[in-house]
Amino acid sequence: MEQEEEANSRKRKGAPNLALAKELDGPPLDIQDQQPQAKKARLSTILFADNCEVTHRQLCELLNYAVLGKSAVPKPSWCQLSHQKQLNNVVVFILKGMSQLHFYRFYLEFRFLRKTFRHKFSLPPPTSSFLFDIIGLQKKKSARGCPRTVEGPLISATLQSSIDLQNDPIIQKYGYKNVGLTRCLLTKEEMKTFHFPLQGSPNCENFILSKYSAFITDSSPLFGLDCEVCLTSMGKELTRISLVAEGGHCLMDELVKPDFKILDYLTSFSGVTKESLNPVTTKLKDVQKLLRELLPPDAVLVGHCLDLDLRVLKVCICFKILFCSTKTWSIQLRCKDLGSLLPSMLPVYSVSIRCNSLILFPPQMIHPYVIDTSLLYIGKQGRRFRLTFLAKVILGKDIQCPNKLGHDGIEVARTTLELVQYFLKYGPKKIAELNLEALAANQEQGNKEGATNMSVLKCLDSMGQKLLFLTQDIDKLSSYRNCQTIKCSSNKEVLEQARVEVPLFPFNIVQFSFQPFPPLFAEEMKNSMKTKWTEMSTVYAGPFSKDCNVGALKKVFSSLGPVHSITLVLETYRYEVLEAAQLAIETMNGTLLEGSCIRVHRLVTELTLECDTLVRELEKDSENQGTIYVAGIGETFKEHLLEQSNLFPDLEAVILPKEVKSRKQKNYCFLKFKTLNSAQVALEILKGKDWKLKGRNALTPRHLQAWLKDIHPEPTMPMGLRIVPPLLERHIFRTLKSNHPKIVAWRWSRRIEKLYHSLSPGTFCLILMPGTKNTFGAHPGLGLMKIKEEEETDSPGMRV
């Protein structure tokens, strides 16, 4: 039975066995957590978008979510942040003056960053307000033409003349004049319609009835009720009950221990946790007994969607028993053994025998006098407004704030009481004049726009928290009231202050400033980078005879990946991706082809001298860990992979590149796995006789491939400027001495490493190289991000 329940639980959770990302022309896949019980913040490992570029607005979207979570702002559209509430703080490092060009030109020097930060993405060239963009700050828009709204208990969204009171559902139900309490009670027909538990209803035999009087008046006492639930193996069960009397006095606020195994505490809604419920001994029967004692005979229960609260005060239990031939035997079993089978259950049961099962109905309270605020303030076509909405527009108060853990049952119960009292005091006409439908529509539109345009500072302010900004530059950001700016005299002082101050703030921006490259030098360096990666992706093969079959040769080399171009010298092949070129060198060198034993190698130039070292380091890059390159795939590869998914249990994503114009699938792909070991096992399987494919570990993340394609070897020179000689980079490097960019990159990688290890576990760390602009054009930026985990040591473990 337990195994069956666990299996059903897994089905309900819907945990996928295999999550596959869509092709690169589609949006990133939102991966579900495989183990939701692991309560630690995690970033999605799937960040492949169509152009691999994350905009400043999308960065702001992620930072807002990291601060507030899904209850207040939308989830990021380009990646997934799981268990956001487990984040301890957020630290954004801005390396002002650096770009993606810096990172890949001095790739070997940025050892800590490339080995620690698995998630890397391109950024667009910077704007003049880069810092304001990522925080979401915008210029204040003029209020001209915008309708004026009034804050407080009464908020009018439209002009009075535009309200059609005659067709308002509240007017149609209650009329124009003020009504008494008894008129607000739900009728028996309404209770049937909305599935309230009623005496005489099916499955309601032998229910305990609350003591009530047949006489109820407009002076009868009101009691606010709110219940919170958890999900157990038998469905939803009560975990907390709150009862409030008129005037706001709390009569009961009890945690309740469910009878069955808890599958989900629903903490984000109930606020109840495993730790808070462990010592509780109160059961449903105790709550029912206490309610009967507290409620007077003419009590009126008030709540929001009260049918759910009343329904959760009963439990339907079904125990399977052995097959029996007669009902008499079953009843005898019940009479004889129920006491020993159910020693801790409720004292009174009704019993029904169906399909060889005992259906036991514990006692439930039925109370005939109820007012439901979701039906009191009814909308058109039976629309039931949210309690938070009614509290805001009617009472002018905010409840269930996003920075609170779960709902406050006492607050909810008091709010429903106040809503009923407001209705009785001001009457239906006053409520109808508010035009709840228009207010709700405006709020929904405002929520969409506000959540999208909300700034990080506003998110922090809503939680009563401050942002720490460490910088050596004067910035207007310091003028905001919840931004504490520490002005430093140098990058070194920024670093020293960060190690002291960052643990004290929930959100931090640490900005280092670097002198950008001279424009001519930056263009020359960009050109040399293009040449370098082109040479790394080019292999030379030969010797071949003069009458060799070029088509056959091309077919062999193309099986390793798309060939960009062929030059007949000995035989020169330039590949589209670095992995294909490296695979050709590793697998084709020394093979017999067209009757000749050929050699396959790169041309050794000044730029490719360190190529072997660079390839090894690219393979160790944290972003490439667990990712393999597979060549020789066909159109049905993905379907075949799905059919054999049991062979690849840790596969997270399949990246299938396509031709830009034809959208035809290319003959290679990238497979991303959870661990390096899983990737290696899969690589051996795919290279085996059944699959007959070729592959190796990945070397180039998707954003790097896109960036390299955007670098043009011939820059557009402004009028009047000379062409830069090819030795300019070497010449400038010699004159820089201690400020050599290579030394700067190495030094700051080490310093950020030390600062990173001083951060507490659960810190969301984001490193941004904003990019640069000069007279020749713009250089895109680079972002790296990671959540520091518990197992990471506090002392620097990776040394350069």
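The protein exposes about 39500 Å² of surface, and carbon and sulfur atoms supply 53% of that area. The model is a predicted one. Of its 800 residues, 49% count as buried, and the chain forms 28 helices and 30 strands. Among contacts between residues at least 6 apart in sequence, 74% join residues at least 24 apart.

**Nonpolar cores**

- In soluble globular proteins, nonpolar side chains tend to be buried together.
- The largest nonpolar core of this protein has 64 residues, of which I241, I371, Y377, I394 and L436 touch the most other members.
- Helix α16, which covers residues 409-433, gives the most to this core, with nine residues.
- With residues up to four places away in sequence left out, I371 touches L181, C184, L185, L222, V300, L301, V302, G303, L306, L376 and V420.

**A four-stranded sheet**

- Strands of a sheet pair through backbone hydrogen bonds, either parallel or antiparallel.
- Here, four strands form an open sheet in the order β18-β19-β17-β22, with antiparallel pairing.
- Its edge strands are β18 (563-567) and β22 (599-601), each of which pairs on one side only.
- On average, neighbouring strands of the sheet are turned by 20° against each other, direction ignored.
- Strand β17 (residues 538-542) is joined to β22 by three bridges, and these two strands run antiparallel.
- Within β17 and β22, the residue Y540 stands opposite H601.

**A pair of packed helices**

- Two packed helices are described by the angle between their axes and the distance between the axes.
- Helix α20 (residues 519-536) and helix α23 (residues 611-620) pack at an angle of about 85°, and their axes are 12 Å apart.
- Angles of 65 to 115 degrees count as roughly perpendicular, so α20 and α23 are roughly perpendicular to each other.
- At the place where they meet, α20 contributes K532, W533 and M536, while α23 contributes C611, L614, V615 and L618.

**Residues in loops**

- Which residue in the loop between β2 (81-82) and β3 (89-96) deserves a look? H83 is found there, and this residue has a positive phi of about 55° although it is not a glycine.
- Q381 lies in the loop between α14 (373-376) and α15 (387-395). The phi of Q381 is near 55°, a positive value in a residue other than glycine.
- Is Q381 buried or exposed? Residues count as exposed over 50% relative accessible area, and Q381 has 86%, so Q381 is exposed.
- P126 also belongs to a loop, the one between β4 (119-123) and α5 (130-135). The cut-off for a buried residue is under 20% relative accessible area, and P126 is therefore buried, at 12%.
- Which residues is P126 in contact with, leaving aside its neighbours within four places in sequence? They are H56, P770, G771, T772, K773 and H779.
- P126 and S99 are 27 residues apart along the chain, and their C-alpha atoms are separated by 9.4 Å.

Terms used: Residues numbered from 1 in each chain as written. Predicted model: local features only at pLDDT ≥ 70, side-chain atom pairs only at ≥ 80, totals over all residues. Heavy atoms only, no water. Pairing = 2+ DSSP bridges. Axes fitted to C-alpha atoms, helices over the stretch in contact; angles between N-to-C directions. Core = buried A, V, L, I, M, F, W, Y, C linked by side-chain atoms within 4.5 Å. Buried < 20%, exposed > 50% of the residue type's maximum accessible area, 1.4 Å probe, protein only. Contact = heavy atoms within 4.5 Å. Areas by Shrake-Rupley, 256 points an atom, 1.4 Å probe, with all protein chains shown as cover. Parallel < 35°, antiparallel > 145°, perpendicular 65-115°, else oblique.
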